[in-house]
Amino acid sequence: MSQINDGTLVSTRIRLARNLEGYPFPSHLKDEKQAKEIIRLVSSGLNRLDDFKLYYMDGISDWEANFLKENHLISPALIERKRYGAALINEDHSVSVMINEEDHLREQCIIKGLQLGRAYDKISEIDSKIGRSIKFAYDEQLGYLTACPTNLGTGLRASVMLFLPALTINGSMREVVRSISRLGLTVRGMYGEGSEAEGYMYQVSNEVTLGVSEEEILSQVDEVARKVRSLENAERDRLKRGQSRLAVKDKCMRAYGVITNCVVLSSGELASLASDVKLGACLGYIPISDVSAVDDLIVAMQPYNINRAAGRTLSAGERDVYRAEYVSSRIKKLAGVK
């Protein structure tokens with residue numbers, strides 16, 4: 001499963017759900033001493049593998065917790081479990097291990113592009129390291145035991161984030177989603193279950209974890225992601241040749257004009273405008289070769305990321321001004337405009 005450097009295939013995420021034998025699931029974990037013991041056991045099993053930093057949810061500020069959430073390193077559910085939750089995050093932020101969320105462990109690796117094999121190998125190494133000193137809850141027939149029955153078996157969720165503007169614009173996404181669902185996979189918005197597709201971003205992942213191997217899951221998600229990419233590229237060609245080509249180009253160029261000249265820019269406006277700029281780059285209208293940098297920009301300009309970059313807590317209005325100035329400068333630089 002080789003990496004494809006394509007604006008369509010944004011990122012890969014591998015997540016493993018695990019629970020410790022002899023401890024109640026987090027939803028029934030009422031003993032704070034037990035919760036801290038689980039955190040200690042997990043962190044001691046990782047401290048020799050990589051440069052991980054331990055974050056206790058009750059030991060960090062709301063500001064820092066939301067910063068980690070914006071960067072997809074922890075979930076809103078973990079933030080809500082302040083007394084019992086923690087996270088181990090490595091130095092380059094590619095791996096995070098949430099402790100005492102829905103399960104005792106939610107181990108995840110996020111890598112740019114389509115790299116399911118590489119991401120799985122990386123998180124599997126972490127999982128093996130933890131498993132050497134901790135006994136996971138496991139059943140010979142059911143596999144890894146998890147809080148939610150849909151995670152039984154391998155406990156593996158393999159996800160690919162895709163940028164699908166052409167399929168969205170031409171109204172084909174409904175049928176694409178139906179086709180993917182018939183294969184036993186699911187399609188969600190950018191922020192996972194229950195979220196809407198924002199900025200033409202969709203997350204494709206497996207639904208079945210029981211009765212299939214890790215290799216089968218990875219292979220199926222990889223195959224579907226590549227097929228959807230082919231469909232998207234075919235639709236982009238039609239957009240460039242079809243009757244709506246001038247309207248599409250105008251939409252992209254207007255977005256570029258606004259995003260590089262506005263004085264105030266909200267996070268919602270950024271997601272919409274940046275997505276059209278990225279589409280313009282993919283169609284060859286805007287001279288940006290590194291389209292993944294546009295994805296990074298959207299994350300970097302979320303409220304708590306901006307506060308961190310500014311070194312202080314800004315008001316909503318101040319953030320919008322900061323965002324407009326920074327994004328304008330960055331997009332111009334990516335496009336080679338001095």
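Which residues touch the most other members of the largest nonpolar core? In this predicted model, they are Ile-14, Val-42 and Ile-99, and the core they belong to has 50 residues.

Take a look around Ile-14. Leaving out residues up to four places away in sequence, Ile-14 touches a run of partners that includes Glu-107, Gln-108 and Cys-109, then Leu-116, Ala-119, Tyr-120 and Ile-123. Leu-156, Arg-157, Ala-158 and Leu-218 are on its contact list too. Apart from this core lies another one, made of 37 residues, with Ile-259, Val-294, Ile-306 and Leu-334 among them.

Ile-306 takes us to helix H11, which covers residues 303-310. Here Ile-306 is buried along with Asn-305 and Asn-307. The cover over the buried residues of H11 includes helices H2 (62-70), H10 (292-300) and H12 (316-334).

Ala-335 counts as buried because its relative accessibility is 11%, and the cut-off for buried is under 20%. Setting aside neighbours within four places in sequence, Ala-335 is in contact with Tyr-256, Pro-287 and Ile-288. Asn-66, by contrast, is 269 residues from Ala-335 in sequence and 31 Å from it in space, C-alpha to C-alpha.

How far to trust all this? The protein chain has a mean pLDDT of 92, with 95% of its residues at 70 or more. Residues 1-5 have pLDDT below 50, and that stretch has 16 contacts beyond near neighbours in sequence. Residues 191-196 are also below 50, with eight such contacts.

Note on methods
Residues are numbered from 1 along each chain as its sequence is written. This is a predicted model: local features need pLDDT of at least 70, side-chain atom pairs count only at pLDDT 80 or more; totals for chains, interfaces and linings use all residues. Side-chain values use heavy atoms; hydrogens and water are left out. pLDDT is the predictor's confidence in each residue, from 0 to 100. Contact means heavy atoms within 4.5 Å. A nonpolar core is a set of buried Ala, Val, Leu, Ile, Met, Phe, Trp, Tyr and Cys residues joined through side-chain atoms within 4.5 Å. Buried means under 20% relative accessible area, exposed over 50%, partly exposed in between (1.4 Å probe, protein chains only). Helices (H or I, at least four residues) and strands (E, at least two) are DSSP runs, numbered from the N terminus.
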